[in-house]
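Have the structure open beside you and follow along.

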Amino acid sequence: MTPASLLSLPLLALALGGFVVGSSEFIIMGLLPEVAGDLRVSLADAGLLVSAYALGVVIGAPLLGPLLGRLPRRRALLWLMGAYALGNLACALAPDYRWLLAARMLTAISHAGFFGCATLLAAELAPIERRASAMALVLSGLTIANVLGVPLGAWLGQATSWRVTFFVVAGLGLLTWLAQLLWLPHGQAPQRNAQGAWSGVLRRPVLHALGICCLSSVALFSVFTYISPLLREVGGYSAEQNNGALLLFGIGLTLGNLLGGRLADRGLRHAIPLALGSSALALLGLFALLGQPLLPLGLLLLWGIASFAISSPLQLLLVEQAGESASLAATLSHAAFNLGNASGAWLGGAWLSAHYGLANLPLLGVGVLVLSVLAALPLPPLRATRERLVRRPA
């Protein structure tokens with residue numbers, strides 16, 4: 001891959017994998033009524049399929065991380081995508097609720113490992129001044145899944161059967177496996193130090209960055225989990241307007257992911273706290289202006305952009321600071337994000353249960369984001385940025 005372009009077949013294969021994984025993770029949210037009706041369980045029990053997936057990511061990260069650090073990236077990604085495709089096939093064929101719950105959790109174990117390996121390989125393939133953008137391109141598959149894969153999968157499942165949607169995702173997983181088999185370069189196994197895979201992760205900058213991953217996700221999901229009732233009951237949006245607003249938010253996530261890579265590549269010292277602060281301002285504006293006709297749509301777009309602009313800078317920072325434990329650190333970052341997802345949804349539910357009001361829920365996100373900004377300010381700068389600046393001719 002030349003420095004002039006990131007549009008290469010290996011990165012395309014990695015981004016396609018991100019799209020498949022992202023679609024499978026979130027697609028269940030649009031199919032909960034169909035799953036609950038078909039398997040004869042309550043909607044609350046069906047909702048546990050979301051929690052089971054997040055738990056699988058959290059469990060799988062520390063289990064797979066040390067093992068993946070010993071394997072060549074290509075081989076690890078082929079194993080992970082193969083397991084992911086088979087896991088979605090198992091979901092499609094699940095005879096009852098318990099089997100589906102177990103299949104979702106086992107499938108999710110591959111999730112953190114895939115993104116950890118894929119973002120590392122992308123960084124290795126890119127020139128030093130484009131590493132963050134290459135990682136953002138891989139993660140863009142995840143955000144595009146929210147814009148296209150999830151609504152299309154929900155429509156297909158509602159028009160036919162939720163099982164058909166999982167069959168399609170399994171088929172896309174197989175195509176991705178073939179693309180990675182053909183396009184990913186062969187490489188040597190990463191070097192590991194004698195102290196073991198965890199030594200680099202237990203460094204203070206790595207733990208600090210992992211904490212920011214989790215905290216930022218808490219801020220996002222404390223509000224986003226309840227965004228539909230917020231827009232419809234407080235903002236007065238119809239069902240169609242609500243879907244359009246969510247689509248706009250998904251576009252913002254995609255743009256923010258790519259913007260975060262560019263900000264990191266260009267050496268913006270405080271890219272992470274700046275993005276977190278922008279997210280807080282967007283939520284504060286949403287709280288104040290939700291009743292207005294058009295302004296909330298712009299704020300939703302800004303919130304989406306700012307929320308995902310931290311992803312690539314945090315990923316690159318973890319890789320640089322973890323050293324020989326980069327594979328485990330990159331894998332654990334997705335566990336941290338998913339732990340934040342679950343914690344944020346719980347925190348938002350606790351806010352509503354305490355009768356603080358759905359209309360005031362954005363203020364909860366603002367409060368968590370303010371803490372996130374303060375916590376992110378002492379993060380170390382990116383080494384790649386410093387090296388690029390040193391190499392720049394006078």
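I started at L181, which sits in helix α7; helices here are DSSP runs of H or I with at least four residues, strands are runs of E with at least two, and both are numbered from the N terminus. Before going on, I note that this is a predicted model, where local features need pLDDT of at least 70, side-chain atom pairs count only at pLDDT 80 or more, and totals for chains, interfaces and linings use all residues. Residues are numbered from 1 along each chain as its sequence is written, and side-chain values use heavy atoms, with hydrogens and water left out.

I then looked up the patch around it: L9, L12, V168, L172, L174, L175, L178, L181, L182 and W183 make a nonpolar surface patch of about 890 Å². The elements giving two or more residues to this patch are α1 (9-26) and α7 (162-183). The most comes from α7, with eight residues. For the rule, patches take residues with over 30% relative accessible area and no salt bridge, joining nonpolar side chains (Val, Leu, Ile, Met, Phe, Trp, Tyr) within 5 Å and like charges within 9 Å. The areas come from the Shrake-Rupley method with a 1.4 Å probe, and for residues only the protein chains shown count as cover.

**Entry: the nonpolar core**

Which residues touch the most other members of the largest nonpolar core? I noted L14, W303 and L314, in a core of 115 residues. Such a core is a set of buried Ala, Val, Leu, Ile, Met, Phe, Trp, Tyr and Cys residues joined through side-chain atoms within 4.5 Å. Helix α5 supplies the largest share of this core, 13 residues.

**Entry: T107**

T107 is a residue of helix α5 (residues 97-125). I logged T107 as buried, since its relative accessible area is 3%. With neighbours within four places in sequence left out, T107 contacts Y84, G87, N88 and C91.

**Entry: salt bridges**

How many salt bridges are there by the rule used here? I count two, the rule being a side-chain nitrogen of Lys or Arg within 4 Å of a carboxyl oxygen of Asp or Glu.

One joins the side chains of R163 and D38, at 3.6 Å from N to O. R163 is in helix α7 and D38 in helix α2, so this pair links distant parts of the chain, 125 residues apart. D38 is partly exposed, because its relative accessible area is 38%.

Another joins the side chains of E124 and R73, at 2.9 Å from N to O. E124 lies in helix α5 and R73 in helix α4 (residues 73-93), so the pair ties together parts that are 51 residues apart in sequence. I have E124 as partly exposed at 48% relative accessibility, whereas R73 is buried at 9% relative accessible area.

**Entry: the loop with D96**

D96 has its place in the loop between α4 and α5, and I read it as partly exposed at 33% relative accessibility.

**Entry: positive phi**

Most residues other than glycine have a negative phi, so I looked up exceptions. R40 is not a glycine, yet has a positive phi of about 60 degrees. R40 lies in the loop between α2 (32-39) and α3 (43-68) and is exposed, with a relative accessible area of 77%.

H355 also has a positive phi, near 65 degrees. H355 is in the loop between α14 (326-353) and α15 (361-376), and counts as exposed at 71% relative accessibility.

**Entry: cysteines**

I found zero disulfides in the structure, a disulfide being a pair of cysteine sulfur atoms within 2.5 Å. C213 is buried, at 0% relative accessibility.

Methods
Buried means under 20% relative accessible area, exposed over 50%, partly exposed in between (1.4 Å probe, protein chains only). Contact means heavy atoms within 4.5 Å.
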